Amino acid sequence: MAKARRPVTRNSCTVFIFITAFWNNTQPFEESGFSAIYSNRFLNQFPKNLPAETTVLDLSHNNISQLQISEFRYILRLQVLNLSHNIIQELDFSVFQYNEDLEHLDLSHNVLRTLSCHPALSLQHLNLTFNNYTDMPICPEIDMPKLQYLGLGAKRILGSDFSAVAHLLLDTLFLSLEDLSEYKAKSIPVFNTKTIQLVLHPHKDFRILTDLELNATESLELFNIHDTQVNELRMFLLSRSGRLLNLTLNNMQCSWEELLSILQAARETTVEHLVISEAATMDTTEANNFNYTETSLKTLVIKQTIITSVESHPQYMYRIFSDMNITALTISGAKVIHMLCPSKPSHFTYLCFSYNLLTDAVFESCNNLTLLETLILPGNQLRHLIKMSLMTSHMKSLKYLDVSQNLLQHEDHEKGCHWGENLAELNLSSNQLSNSVFHCLPVNIQKLDLQNNQISSIPKEIVELKALEELNLAFNRLTDLPGCGQFTSLRLLNTEMNSIVTPSSKFYHTCPSIREVKAEHNPFRCSCEIREFIDLRKQGLVVLVGWPESYQCEYPEDVRGIRLEDFHDSELVCNSTLLVAVVLVITVVFVAIVCFLCIYLDIPWYLKMMWQWTQVKHRIWKNNPEDFLDNIEFHAFISYSEHDSDWVKNVLIPNLEKEDGSIRICQHERNFIAGKSIVENIIDCIEKSYRSIFVLSPNFVQSEWCHYELYFAHHKLFRENTSSLILLLLEPIPPYIIPAKYYKLKALMAKRTYMEWPAEKSKHGLFWANLRAAVHIRLPET
């Protein structure tokens with residue numbers, strides 16, 4: 001299979017071209033139409049039931065072998081079709097005759113052998129590379145005036161192969177000649193193409209560069225240049241490069257001397273931008289006869305090319321690059337360990353030495369880079385921040401410095417940082433910097449990137465950075481949002497992926513210019529405090545980048561994973577002023593209710609009675625402890641109102657005591673002891689009586705002393721757990737005349753059985769018999 005014989009040198013740069021072109025052409029349609037992505041689905045045939053509004057269809061990396069016109073007649077709005085990396089062998093463009101809007105068609109990396117054209121197509125992008133074509137797959141009759149990108153490839157090139165496309169005003173022509181086995185000289189015409197990308201055979205020299213001639217082409221990209229083609233390339237540049245502006249050389253095999261010869265040749269042409277990528281490892285020599293005459297070359301990029309100096313002193317190589325009279329120089333991924341200062345004032349405005357082995361000695365005390373505006377040094381071996389500052393102090397025009405991904409540190413005791421006065425943007429990300437870095441920063445800095453360091457807080461006593469507008473502190477160790485005490489102009493703050501649990505909203509009061517905060521993916525504690533931070537966004541004071549998807553609760557565990565916008569806590573819990581007000585209102589209401597109940601139920605009266613009862617009992621115990629013994633002297637104590645005294649004295653007592661004297665009644669008029677207090681006498685009589693008879697009537701509830709007696713008797717009832725109370729209803733008592741403070745009387749009348757004085761005289765005998773039986777007991781002998 002021809003596909004299996006394709007060499008490994010079909011490198012990542014080629015793939016990158018395809019991906020970039022496909023993305024650039026499909027991106028607008030994904031926004032305005034419907035995209036159907038079926039890539040890597042192991043499909044053997046075209047998918048069915050596609051939406052009629054489909055504009056972008058990706059069927060790449062499947063096993064589709066053939067296409068039918070019926071499969072495309074229902075998706076009339078199709079604009080982009082990617083069929084790369086399938087097993088299609090034959091294709092007739094007439095299958096797309098109903099797809100008049102089709103603009104982008106990628107058929108690369110199939111096994112196409114034959115191709116039938118259709119004149120109705122109006123493609124802008126057509127890629128037919130990396131198939132099994134023997135001859136160039138070009139239809140003589142095809143007319144595609146809108147075509148901008150054309151990718152072709154074959155095993156054989158004849159003189160007439162490009163006649164159908166030579167006149168096309170293409171933007172990009174990609175020719176894959178890696179599998180070329182036969183080439184007829186002079187078969188490459190002069191193309192009217194702005195950009196030509198040419199992949200040469202990695203091992204054979206078909207002298208294509210000898211035939212290549214440019215006219216309107218501005219950009220040329222060559223792949224797989226080996227040492228036998230270097231001289232052809234040099235001669236091409238000197239004689240047939242036309243108006244070429246951009247030259248890119250990928251995967252080039254050459255020596256140091258040959259590289260210099262190409263550089264020298266490029267300097268003598270119209271080329272302004274030269275890129276050399278993935279060249280072979282080369283060892284420098286001490287020869288330095290490089291010609292630095294005036295040139296059109298402005299930019300030189302050398303990347304992924306290892307340059308060593310085993311057989312020579314490296315300063316010869318350093319001097320060639322440092323003294324080039326161009327404006328931009330990039331040497332990336334070349335393992336360069338040093339770079340000399342230009343020997344005279346340089347034209348450099350842009351220098352990039354990323355991913356090398358440079359140390360702090362680079363450009364030390366260099367005074368000849370006064371025009372330099374951009375210096376990029378990530379991925380090296382830089383260690384001391386103070387030395388970087390001294391390096392820039394001589395670069396008067398420097399505006400942007402990138403020293404990320406190094407080993408930079410700065411200690412508190414280090415003094416003497418002097419940065420370039422015009423440095424406005426500084427990238428210090430991915431180093432080993434701590435809080436002390438804020439003592440060594442350019443005073444006029446506007447954009448500062450400190451992400452991925454070891455910063456836990458911003459010291460309070462630092463130099464004021466009045467011009468600082470953007471600060472990136474992502475991937476550090478911050479526990480709170482920093483204030484802007486020294487950054488009064490700060491507009492953008494990035495604190496993503498730190499250890500911020502409860503961001504304080506107070507930072508906003510110190511940051512009057514802040515407009516945008518990026519605080520995503522922090523371990524937020526969802527509590528009342530975080531509401532103030534969220535309110536900043538609700539009030540429109542700050543834009544939270546990534547809100548709400550990237551702001552979730554981490555603590556406490558029961559709300560973990562909940563978005564901050566969905567977290568709601570009680571307003572009463574979070575608002576201290578409201579909480580105090582509610583507590584105060586509840587307290588006032590409670591006190592008012594207690595006062596009302598005290599007045600309504602006469603609680604002070606009961607407290608007074610309890611106090612008096614306690615005092616009396618204490619005095620009795622102290623003076624006559626024998627009175628606490630079980631010494632019953634009376635059968636009953638009678639409590640009544642003075643208004644009912646006639647009935648008590650003339651009816652009740654005589655009928656109870658009778659003439660035999662078997663029942664002894666305690667009455668206050670005859671049994672209260674002079675000299676004792678009334679309360680003491682009441683308690684004493686109740687304690688010495690087996691029963692307490694209460695003569696109830698409307699007059700009774702109006703007597704306070706009667707209530708005293710009822711209270712003490714009721715107290716004895718609960719203390720001794722006995723049924724010593726007898727309620728005798730002399731006259732009916734309407735409930736409404738019982739005062740509220742006599743709630744015990746109401747309770748007794750509702751729960752206990754009472755004896756009612758009968759109106760019929762015939763029932764009096766039974767009444768007295770029952771009453772005498774209730775109070776009769778054998779008293780102890782005295």
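**Reading burial, aromatic pairs and cores**

Me: Is phenylalanine 96 buried or exposed in this structure?

Reply: A residue is called buried under 20% relative accessible area, exposed over 50%, and partly exposed in between, using a 1.4 Å probe and protein chains only. Phenylalanine 96 is buried because its relative accessible area is 1%. Phenylalanine 93 likewise counts as buried, at 1% relative accessibility. The model is a predicted one, in which local features need pLDDT of at least 70 and side-chain atom pairs count only at pLDDT 80 or more, while totals for chains, interfaces and linings use all residues. Residues are numbered from 1 along each chain as its sequence is written, and side-chain values use heavy atoms, leaving out hydrogens and water.

Me: How many aromatic pairs does a search of the whole structure find?

Reply: A pair of aromatic rings is described by the distance of the centres and the angle of the planes. Rings of Phe, Tyr and Trp (its six-membered ring) pair if their centres lie within 6.5 Å; planes under 30 degrees apart are stacked, over 60 edge-to-face, and the rest tilted. The search finds 16 such pairs. One of them joins phenylalanine 93 to phenylalanine 96, a tilted pair with 6.2 Å centre to centre and 55 degrees between the planes. Tryptophan 647 and tryptophan 757 pair edge-to-face, at 5.2 Å and 75 degrees.

Me: Which parts does the pair of tryptophan 647 and tryptophan 757 tie together?

Reply: Helices (DSSP H or I runs of at least four residues) and strands (E runs of at least two) are numbered from the N terminus. Tryptophan 647 lies in helix α12 (residues 645-657) and tryptophan 757 in the loop between β35 (755-756) and α17 (764-775), so the pair links parts 110 residues apart in sequence. Tryptophan 647 is buried, at 15% relative accessible area. Phe93 and Phe96, for their part, belong to one aromatic cluster with Phe46 and Phe72.

Me: Which residues touch the most other members of the largest nonpolar core?

Reply: A nonpolar core is a set of buried Ala, Val, Leu, Ile, Met, Phe, Trp, Tyr and Cys residues joined through side-chain atoms within 4.5 Å. The largest has 163 residues, of which Phe96, Phe321, Phe363 and Leu428 touch the most other members. Helix α4 (residues 256-267) contributes the most to this core, with 7 residues. Apart from it lies another core of 21 residues, including Ile638, Leu656, Leu728 and Leu771.

Me: How many of the residues in the protein chain are buried?

Reply: Buried residues make up 50% of the 782 in the protein chain, which contains 17 helices and 35 strands.
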